[in-house]
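I wanted a plain record of what I looked up in this model.

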Amino acid sequence: MATAKKLTIAVDGYSSSGKSTMARRLAAATGYRYIDSGAMYRAVTLYALEHGLFDADGQPDVEALAAALPHLKIDFSPAGDDGRQHTLLNGCDVEHDIRTLRVSEHVSPVAAVPEVRHALVAMQQALGQEGGIVMDGRDIGTTVFPHADLKIFVNASARTRAERRFAEMQAEGSQVDFEEVLANVMQRDHIDETRTESPLRRASDAIDLDNSHMTPEQQDAWLMEKFREAEQKI
């Protein structure tokens, strides 16, 4: 028999694999809180860009960034008129700014900085300590919540993911080149997989999902089935 305990759900995967959308929709369907860990890294990246914390080669000034971290407060607003929660950086809504290609091109080097990962993992663990949470990212099931009740690892081909990201950015009014978006997706994959600190890995107990040919509705049904199965195990 299912218990009243609320699950901790980790959704990991590659960039633009649709993990944020499916995690957000699962949270809405179950009444859980959704946390976009990637948005947190994007917020730190935006701060670094706006404060000149990158060198000419696009690498972050680690010392300056580490010194700034204690002064950064990252939170999420309730869903607005667009149906999405917005990322807040020191009280300011930065949701649109963190989704630009400029931030996408710089976020992986920032996310590879150990001091950044340690600080944000601590924030993420604090947000999810009571359960009833769906969090997506790159290392949620391996580092942030290694004992999560349900772990999903999402993937799709690089081209499929780039096509999704390209369409999303066009819909938001961004003028971007598809080949540039594809190159960014592939570069982020490489950085995420090879970084020293919490590299992108599938947790040994994660359930694989290749959603290359799935509709959002099919994903929702699949994920809800896994959620119900996990409920029966606790």
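**Ground rules.** I worked on a predicted model, where local features need pLDDT of at least 70, side-chain atom pairs count only at pLDDT 80 or more, and totals for chains, interfaces and linings use all residues. Residues are numbered from 1 along each chain as its sequence is written, and side-chain values use heavy atoms, with hydrogens and water left out.

**Strand E7.** I started with strand E7, residues 150-155. Helices (H or I, at least four residues) and strands (E, at least two) are DSSP runs, numbered from the N terminus. I took two strands as paired if DSSP finds at least two bridges between them. Strand E1 (residues 8-13) pairs with E7 in the parallel sense, over 5 bridges. In that pairing I found Ala10 opposite Lys151 of E7. E7 also pairs with strand E8 (residues 207-210), again in the parallel sense, over 4 bridges. There, Asn155 has Asp210 in E8 as its bridge partner. I then checked burial, where buried means under 20% relative accessible area, exposed over 50%, and partly exposed in between (1.4 Å probe, protein chains only). E7 is mostly covered, with 5 of its 6 residues buried.

**The three-stranded sheet.** I next looked up an open sheet of 3 strands, which has the order E3-E4-E5 and antiparallel pairing. Strand E3 (74-76) and strand E5 (92-93) are at the edges with a single partner strand each, so one side of each has no neighbour in the sheet. Strand E4 (residues 87-89) is joined to E5 by 2 bridges. Leu88 has Asp93 in E5 as its bridge partner.

**Val116 and Gln124.** I picked two residues of helix H5 (residues 114-127), Val116 and Gln124. Val116 is buried, at a relative accessible area of 0%. Gln124 is also buried, at 0% relative accessibility. For contacts I used heavy atoms within 4.5 Å. Leaving out residues up to four places away in sequence, Val116 touches Tyr41, Val44, Leu65, Leu69 and Val110. With the same exclusion, Gln124 touches Ser37, Met40, Tyr41, Met135, Ile140, Val144 and Phe145. I also noted two C-alpha distances. Val116 and Val134 are 18 residues apart in sequence and 21 Å apart in space. Gln124 and Lys19 are 105 residues apart along the chain, and their C-alpha atoms are separated by 17 Å.

**Aromatic pairs.** I searched the whole structure and got 3 aromatic pairs. Rings of Phe, Tyr and Trp (its six-membered ring) pair if their centres lie within 6.5 Å, and planes under 30 degrees apart count as stacked, over 60 as edge-to-face and the rest as tilted. Tyr32 and Phe227 have ring centres 5.7 Å apart and planes at 80°, so I logged the pair as edge-to-face. Tyr32 lies in the loop between helix H1 (19-30) and strand E2 (33-36), and Phe227 in helix H9 (residues 216-231), so this pair ties together parts 195 residues apart in sequence. Tyr32 is buried at 11% relative accessibility, and Phe227 is buried at 2%.

Phe166 and Phe178 also form an edge-to-face pair, at 5.7 Å centre to centre and 85° between the planes. Phe166 is in helix H7 (residues 158-171) and Phe178 in helix H8 (residues 178-194), so the parts tied together are 12 residues apart in sequence. Phe166 is buried at 18% and Phe178 at 17%.

**Cavity.** On a 1 Å grid over the protein atoms alone, a cavity is a set of points where a 1.4 Å probe fits but cannot get out; a pocket is an open set with protein on both sides within 12 Å along at least five of seven lines; lining residues have an atom within 4 Å of a point. Grid points are joined across faces, edges and corners, and a volume is the space filled by probe spheres set on the points. I counted 1 cavity of 30 Å³ or more. The largest cavity holds about 50 Å³. Its lining includes Arg24, Tyr34, Asp36 and Arg99.

For classes, Ala, Val, Leu, Ile, Met, Phe, Trp, Tyr, Cys and Pro count as nonpolar, Asp, Glu, Lys and Arg as charged, and the others, Gly among them, as polar. The cavity lining has 3 nonpolar, 2 polar and 5 charged residues.

**Pocket.** The largest pocket holds about 790 Å³. I found 36 residues in its lining, with Ser16, Ser17, Gly18, Ser20 and Glu168 nearest its centre. H2 gives the most to this lining, with 5 residues. By class, the lining divides into 7 nonpolar, 13 polar and 16 charged residues.
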